[in-house]
Amino acid sequence: MLPGRPPPRPFEVPDPLRDTEVCYRIIVYGSCSRDPADMDERFSKDEQEQRRLEVQLGPVIPASKMLTIQDRREFIKPYARTIIPDLKHNKPWRCEFCTKFAREAVWMNSEWLQLKNPNMISYVHLVCNSEIGDCAETLSAINSQMQALAGAPPTPLPKLPREYGLKYPMAASCVNCNSESKENRKRLKQCNGCKLTRCVQLV
Ligand SMILES: [Zn+2]
Ligand SMILES: [Zn+2]
């Protein structure tokens with residue numbers, strides 16, 4: 001049977017109406033210098049074995065913003081913007097699909113904000129280059145597969161802003177000045193728990 005579009009879930013409001021936490025999971029994929037350079041070998045294991053970092057966040061939507069799906073989205077958008085598009089890590093992560101350093105974070109997001117217990121998930125692919133080359137093509141194929149599974153119309157990946165030019169700073173660069181020097185990487189700002197730092201996008 002051909003996969004069809006999943007039936008839409010109805011819009012739900014918590015009863016009683018209250019401030020509501022969004023269960024927001026971020027899964028970051030990349031690789032490490034010790035991982036096999038051969039891609040067949042690298043991806044031969046179970047999907048759960050793939051090198052990844054998982055972060056669980058719980059932004060809270062105030063009760064007054066829970067009444068329509070538009071209100072919920074409007075509330076959560078600025079929150080997501082503080083994390084996207086640039087995501088840093090204190091370890092020198094490599095590209096998910098090759099051995100080059102990871103420089104670009106490509107986000108694939110799904111949300112179920114219409115539920116009374118809203119949830120969101122972001123798959124973040126740390127890659128060397130998301131627009132040009134083999135890794136960009138692999139990424140684009142994954143994007144098409146995910147959209148087909150969700151029954152969504154095919155949409156190309158959004159282009160990353162290019163104010164840095166064609167070469168993004170490494171995922172393991174300083175979140176403030178983007179320095180890639182090894183010396184600076186020892187003193188990176190980071191969360192002691194997940195080791196992630198994030199670049200706040202000013203809007
Ligand atoms: Zn690559
Ligand atoms: Zn710096």
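Is Phe43 buried, partly exposed or exposed? Hold that thought for a moment, everyone. A quick reminder before we start: this is a predicted model.

Okay, Phe43. Its relative accessibility is 33%, so it counts as partly exposed. As you know, a pair of aromatic rings is described by the distance of the centres and the angle of the planes. Here the partner is Phe97: the ring centres are 6.2 Å apart and the planes meet at 40°, so we call the pair tilted. The pair links distant parts of the chain, with Phe43 in the loop between α1 (39-42) and β3, and Phe97 in the loop between β5 (87-89) and β6, 54 residues apart. Phe97, with a relative accessible area of 8%, is buried.

While we're on rings, have a look at Phe101. The charged end of Arg94 sits over that ring, 4.3 Å from the centre.

Now to the interior. In soluble globular proteins, nonpolar side chains tend to be buried together. In our model, the largest nonpolar core has 21 residues, and Ile26, Val28, Trp107 and Leu126 touch the most other members. At least two residues of this core come from each of β2 (23-29), β3 (52-57), α2 (69-81), β6 (104-112) and β7 (119-127). Apart from that core lies another one, of 11 residues, and our friend Phe97 is among them, along with Cys98, Leu139 and Leu157.

Let's zoom in on Val28. Leaving out residues up to four places away in sequence, Val28 touches Arg51, Arg52, Leu53, Leu87, Trp93, Val124 and Leu126.

How many residues of β2 are buried? The count is 5 of 7, so β2 is mostly covered. On the pairing side, β2 runs parallel to β7 over 7 bridges, and Tyr29 has His125 as its bridge partner in β7. With β3 the sense is antiparallel, over 6 bridges, and there Ile27 stands opposite Glu54.

Last stop: Glu54, in strand β3. Glu54 has a relative accessible area of 35%, so this residue is partly exposed. Beyond four places in sequence, Glu54 touches Arg25, Ile26 and Ile27. Its side chain also makes a polar contact with the side chain of Arg52, at 2.5 Å.

How values were computed: Residues numbered from 1 in each chain as written. Chains lettered and ligands numbered in written order. Predicted model: local features only at pLDDT ≥ 70, side-chain atom pairs only at ≥ 80, totals over all residues. Heavy atoms only, no water. Core = buried A, V, L, I, M, F, W, Y, C linked by side-chain atoms within 4.5 Å. Buried < 20%, exposed > 50% of the residue type's maximum accessible area, 1.4 Å probe, protein only. Helix = DSSP H or I, 4+ residues; strand = E, 2+ residues; numbered from the N terminus. Contact = heavy atoms within 4.5 Å. Phe/Tyr/Trp six-rings, centres within 6.5 Å; stacked < 30°, edge-to-face > 60°. Lys NZ or Arg CZ within 6 Å of the ring centre and 35° of its normal. Pairing = 2+ DSSP bridges. Polar contact = N/O pair within 3.5 Å; in protein donor to acceptor, adjacent residues only side chain to side chain.
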